[in-house]
Amino acid sequence: PFLREIHASIGTKDGLIEADYVLGLRMCGPACQAPNFPPASRVAECSVEDLLVDTASHNQSNIDMVGPSGDDALDHESWAKTNTEFINGSLGGPYPDVSFVKMQLFRLLPRKAIWEQHGGATEPSVRNIDDMLVGGENACVTYMQSHRPVTLSSLSAQLRATEAAAPGKRLLGFPSDYKGAYRQVAACPHQIRLCVLCIFNPEIRKKIFAKSRGQLFGGSSAPLNFSRYPDDAAEMCAILFAIIFLQCIDDLLGQEPEESADWAYVMWRIFASLIGWDIPNDKSPLPAAALRALGAIITYGDASSTN
């Protein structure tokens with residue numbers, strides 16, 4: 001209700017965003033559209049109905065491919081992240097056997113894990129990938145838009161515009177990252193049967209099963225579906241608080257004159273909490289004269305600190 005009232009009051013462009021959030025967004029079939037994104041097209045190779053043809057052999061082949069990776073540390077870190085999803089409700093389960101899924105027809109996909117290290121991280125971390133390519137769900141996705149990417153060129157252009165609006169004032173920047181990204185946005189409950197996960201649990205050395213309640217990392221439409229919400233947050237912040245953000249999927253990059261940077265940061269963090277987004281402190285450092293973003297160190301004038 002709070003978000004709906006804000007949208008009604010300030011007239012943001014994406015009029016269906018709160019309804020889609022409550023009802024859940026499709027991960028299969030035609031992707032939802034939004035008014036702020038550039039055109040890009042992809043035509044489905046099959047229909048949603050095709051996914052429920054011959055599920056028995058498909059599901060068994062997916063069960064057979066799930067197991068230990070050969071890296072115990074990777075498997076346990078992956079399971080720790082998976083268990084967090086069960087706790088916060090973005091996954092339903094865990095189910096100890098496929099018979100506990102309790103659906104007449106459903107389609108499995110495997111969860112895989114990889115090590116990754118980016119964004120200036122000093123230690124590798126685990127990324128869980130729900131392989132909707134192997135599961136076949138991505139083949140039925142159609143979309144007519146793409147999320148709007150941020151590049152160093154577009155960030156530089158925004159910085160120049162901010163400098164022009166605040167001549168002679170030193171700028172500070174601050175990145176902000178949504179925890180769990182796509183999983184904070186609900187999936188359409190009518191499509192849960194199409195995206196049932198098969199996951200290896202290293203603690204019991206067995207395969208378990210889960211129902212997806214949030215957008216999955218590995219789905220073709222998940223970046224577009226999720227991007228609507230940070231993009232909407234950036235638009236609301238611009239209208240309500242005159243805070244400048246660039247949005248790139250689950251990242252927001254803010255820049256402000258030094259004298260108002262702390263105020264902008266605090267207002268954003270309070271507002272994000274009020275509208276229900278989980279944005280942890282370790283992914284939202286304080287405004288600084290230099291920060292790492294888009295694979296580069298961004299400096300604002302004479303940098304005296306780094307993040």
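**Close-up views of a predicted model**

**View 1. Arg-42 and its surroundings.** Let us start with Arg-42, a residue of strand 1, which spans residues 39-42. Like everything shown in these views, this residue comes from a predicted model. A polar atom of the Arg-42 side chain sits 3.0 Å from the backbone oxygen of Asn-138. Once neighbours within four places in sequence are set aside, the contacts of Arg-42 are Asn-138, Ala-139, Val-141, Thr-142 and Tyr-143.

**View 2. Strand 6, covered on both faces.** Here we look at strand 6, residues 171-177. In a regular strand, side chains alternate between the two faces of the sheet. On one side of strand 6 are Leu-171, Gly-173, Pro-175 and Asp-177, on the other are Leu-172, Phe-174 and Ser-176, and all of them are buried. Because seven of its seven residues are buried, strand 6 is largely enclosed by the rest of the structure. Its pairing with strand 10 (residues 251-257) is antiparallel and runs over seven bridges. Within that pairing, Leu-171 has Pro-257 of strand 10 as its bridge partner.

**View 3. Strand 3 and its two partners.** Strand 3 pairs with strand 7 in the parallel sense, over three bridges. Look for Leu-108, whose bridge partner in strand 7 is Val-196. Strand 3 also runs antiparallel to strand 4 (residues 125-130), joined by six bridges. For this pairing, find Ala-113 and its bridge partner in strand 4, Asn-128.

**View 4. The second largest pocket.** This pocket holds about 220 Å³ of space. Its lining has 15 residues, and those closest to the centre are Gly-67, Arg-111, Lys-112, Ala-113 and Phe-200. Helix 4 (72-88), strand 3 (108-116) and strand 7 (196-201) each give two or more residues to the lining. Sorted by class, the lining has nine nonpolar, three polar and three charged residues.

**View 5. The largest cavity.** A search of the whole structure finds two cavities of 30 Å³ or more. The largest cavity has a volume of about 40 Å³. Around it you will find Asp-14, Ala-34, Pro-35, Asn-36, Phe-37, Arg-228, Asp-231 and Asp-232. This lining has three nonpolar residues, one polar and four charged.

**View 6. The second largest cavity.** This cavity has a volume of about 30 Å³. Leu-155, Phe-174, Leu-253, Gly-254, Gln-255, Leu-291, Ala-293 and Tyr-300 form its lining. Strand 10 and strand 11 (290-293) each contribute two or more of these residues, and the largest share, three residues, belongs to strand 10. Six of the lining residues are nonpolar, two are polar and none is charged.

Key: Residues are numbered from 1 along each chain as its sequence is written. This is a predicted model: local features need pLDDT of at least 70, side-chain atom pairs count only at pLDDT 80 or more; totals for chains, interfaces and linings use all residues. Side-chain values use heavy atoms; hydrogens and water are left out. Buried means under 20% relative accessible area, exposed over 50%, partly exposed in between (1.4 Å probe, protein chains only). Helices (H or I, at least four residues) and strands (E, at least two) are DSSP runs, numbered from the N terminus. Two strands pair if DSSP finds at least two bridges between them. On a 1 Å grid over the protein atoms alone, a cavity is a set of points where a 1.4 Å probe fits but cannot get out, and a pocket is an open set with protein on both sides within 12 Å along at least five of seven lines; lining residues have an atom within 4 Å of a point. Grid points are joined across faces, edges and corners, and a volume is the space filled by probe spheres set on the points. Ala, Val, Leu, Ile, Met, Phe, Trp, Tyr, Cys and Pro count as nonpolar, Asp, Glu, Lys and Arg as charged, and the others, Gly among them, as polar. A polar contact is a pair of N or O atoms within 3.5 Å; within protein, one must be able to donate a hydrogen and the other to accept it, and residues adjacent in sequence count only if both atoms are side-chain atoms. Contact means heavy atoms within 4.5 Å.
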